[in-house]
Structures are given as structure tokens and as C-alpha cells.
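Welcome! Open your viewer, get your selection tool ready, and let us take a walk through this protein together.

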Amino acid sequence: MLLNEELLMKRCLNLAKKGMGKTSPNPMVGAVIVFNNKIIGEGYHKEFGGNHAEVEAINNVENQKLLEKSTLYVNLEPCNHYGKTPPCSDLIIKKKILKVIIGTADPNPKVSGKGIQKLKENNVKVKVGMLIDKCTNLNKRFFCYYKNNRPYIVLKWAESKDGFISPSDQKNGEIFWITSSESRQLTHKWRTEEDSIAVGINTVIKDNPELTTRYWNGKSPLPVIIDPKNRISVNSKVIEKHKKIFHYVDKNIKVHNKQSIQINFKKSIQEILSNLHQNKINSVLVEGGQKTIQKFIDSNFWDEARYFVGNKKIYSGIKAPKIKRTNDNSIKKYISNDILYHLVNHSANKL
């Protein structure tokens, strides 16, 4: 079979996806090396601090002499600066790789075209823009971090068939499940893909959630607790289960908790996102409650919304968030007996 450029870039993307949830704040990157229409080496960025994809692919080539006649495919521009690892562009030049096919340029100002320029200046043939939309979408969190100066924001909630997210008679510490176990498992998979998970203090008090990934194998995101009046209990599960949390309290409240971050709650969303950005948090999964999610919607600080509609009716309680859903911005699918709506916001605010 003839290995065309699109097919090889798709292979890079499939390799890159293996690093989902493990590489942040770095992007997900896959690399493939081809000689004489045959893949002779491939690799991906496995975890933050580890080898980059280009290094993995080059190291996996048995006959290193073939690199001088080979083409390297990579979904993101090779870096040209020292970080946790040496510059990939230097290694490509050292190995005298003939040609490099790149999916998209890197939005990080430290790279942003400089890696491409360096390769060209050292007589490496470079082609940029192969499957650029797919390559950009794979690293949408990374691109949002640099282009919008904030984390990528995913809203998630579950509502009943009659539009409530919780019943009026729900007791504190008692979780009322609206969706199926399959939907809950999917939610925990989503948690492993994001850097942090945000909830309001009412959700912490009412549900006492762990905010972990106990239904899916993977790392738990860092909890973000929005708590203006500092009402969180030291016995909350979220404090017991996590070594680090981001705890946001109004600047006018007296606090003794070393993990508390005081902000101006008149500009709460912006200040929280700015602080998370400063802490190199690439993404936030906003899970509750209704007031918190609605604030993100109303301020237009959201990139995706994923919400389930369960098969139960509640009749009275807390109404679900209101969001505009159209045929152009949403996809509908079924998870067990639940309906999952997936919305994309193409005009979200920047910071």
C-alpha cells in the first residue's frame, strides 16, 4: 500500500492521542519516520518531562544511517528551545533528516515558527499544514492556553427528563444519580483528560464529592473550588482525597487555609481563569452546580458543553443551566438510556 502524506499524518495523530491526559502542560504529539515508502520509526510524547515524539521516533529507527534519506512526519512544529528536554529541531538537524512534514505551527511564543525556520536554515526541506484542522483540534487545549490566554473550558452536567439537576428534597452529603452507570463512567474518563475540575461550594456541601476518577483508570484532575464565603469543611472528601486544590475565596473574607486564593468575586470567572493560566493549567472541566455553570455560560467563557438528559423525572428542584442549542453547534447521541448533547462554542471570550 502506498503511504500518502495524509495517511501518515493520521498515524501521527493516532499516536499522539495515546498521551491524552498525561502530557499537560505540553501538547500531545506523535511522529513517524518513513524511508522508501516504509515506516522505519515512530513514537509519541508519553508524559510531561519525558522524551518528545521526534526523539522517540528517531530512537526507534534501527539503522540510523537511513535517517539521512528519510522523511519525518509530526503533527506539531518541532521545538527549538531548551525546556525539560533539548530542542527537537537540533536533533533533526544532527541526524540529517532529509524532509519534515508538519501538521501545524506551535502557538507557544518560544517556538511559533522558530523551529520551522531553524530547520530551513539548515537545509531541511519543510512542509507545513498537513491536516492542519485535525492537528489543531487535537491540541485545542494547548492552543487555547496560548491564543486565548486562559484554560480550555468544558462544561458538564446531567439533568432530568423534566429539566432539573437535583431534587428539592436532596439531603446534604447524599448524591442523587440522574444518569446511568455508563454515563457516569464516561464522565470519569473525561476527568482524566483535563487538568482541573471546577465546582461551586454548594455542590461540595450538598454532594460532598470526591472529584476523582474512581470509575476510570487515569489521573484525577486538580479540584477547583469556588467558595466566596469560605464555607468549605476541612472534612470534605475533596480535601481528604487530594493533596492540592485551588480554593477561591472572596478577597474580603478572612482565611487561614494556606490553599486559599483570594480574588475579586465581581470578576470571579476572569480572575479564576487568569490564576489557573498563571499556574499552567491548560483545561478546566466545570461540573457544578447550576449557578457556577450558568456564570460560565452567561460570561461566554466556555468552549464545549456536554450535558446528559436522563430518563427520570424529578418534578421539583434546582433547574438545569440554560444554554442555547442549535443544529449548527450541537451533536446528539445516546449513552444507555441517556441522551448526551455535545455543544461547541466557536466565539468564546478570550482573556
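Begin by selecting N36, which sits in the loop between β1 and β2 (38–44). This is a predicted model, so every value on our tour is computed from it. Look at the backbone here: N36 has a positive phi of about 55°, although it is not a glycine. Is N36 buried or exposed? With a relative accessibility of 68%, N36 counts as exposed, because the cut-off for that word is over 50%.

Now jump to N123, in the loop between α4 (114–121) and β5 (125–128). Its phi is positive too, near 65°, and N123 is a residue other than glycine. At 72% relative accessibility, N123 counts as exposed.

**Two cis peptide bonds**

Select S24 and P25 together. A cis peptide bond joins S24 and P25, with omega at about 10°. You will find P25 in the loop between α1 (5–16) and β1 (30–35).

Then select G288 and G289. Here a cis peptide bond joins G288 to G289, and omega is about -5°. G289 belongs to the loop between β12 and α11. Keep this pair highlighted for the next stop.

**The largest pocket**

Coloured by class, the lining shows 20 nonpolar, 14 polar and 10 charged residues.

**The second largest pocket**

Move on to the second largest pocket, which holds about 650 Å³ of space. Its lining has 31 residues, and N26, H81, N108, F142 and Y146 are the closest to the centre. Select α2 (53–59) and α6 (140–147), which each supply at least two residues of this lining. Which helix gives the most? That is α6, with three residues. The lining divides into 16 nonpolar, nine polar and six charged residues.

A search of the whole structure finds one cavity of 30 Å³ or more. The volume of this largest cavity is about 140 Å³. Select T23, S24, N26, M28 and R141: of the 17 residues in the lining, these are the closest to the cavity's centre. By class, the lining has five nonpolar, eight polar and four charged residues.

Next, select I92 in helix α3 (residues 88–94). I92 has a relative accessible area of 0%, so it is buried, a word used for values under 20%. Leaving aside residues up to four places away in sequence, I92 touches E54, L72, P78, I97, V100 and L119. Try the distance tool on the C-alpha atoms of I92 and E68: they are 9.7 Å apart in space, and the two residues are 24 apart in sequence.

Finish at H242, in the loop between α9 (237–241) and β10 (246–250). H242 is buried, with a relative accessible area of 11%. Show its neighbours: beyond residues up to four places away in sequence, H242 touches E210, L211, T212, S220, P221 and P223. Zoom in on L211, whose backbone oxygen lies 3.3 Å from a polar atom of the H242 side chain.

Key
Residues are numbered from 1 along each chain as its sequence is written. This is a predicted model: local features need pLDDT of at least 70, side-chain atom pairs count only at pLDDT 80 or more; totals for chains, interfaces and linings use all residues. Side-chain values use heavy atoms; hydrogens and water are left out. On a 1 Å grid over the protein atoms alone, a cavity is a set of points where a 1.4 Å probe fits but cannot get out, and a pocket is an open set with protein on both sides within 12 Å along at least five of seven lines; lining residues have an atom within 4 Å of a point. Grid points are joined across faces, edges and corners, and a volume is the space filled by probe spheres set on the points. Ala, Val, Leu, Ile, Met, Phe, Trp, Tyr, Cys and Pro count as nonpolar, Asp, Glu, Lys and Arg as charged, and the others, Gly among them, as polar. Helices (H or I, at least four residues) and strands (E, at least two) are DSSP runs, numbered from the N terminus. Buried means under 20% relative accessible area, exposed over 50%, partly exposed in between (1.4 Å probe, protein chains only). A polar contact is a pair of N or O atoms within 3.5 Å; within protein, one must be able to donate a hydrogen and the other to accept it, and residues adjacent in sequence count only if both atoms are side-chain atoms. Contact means heavy atoms within 4.5 Å.
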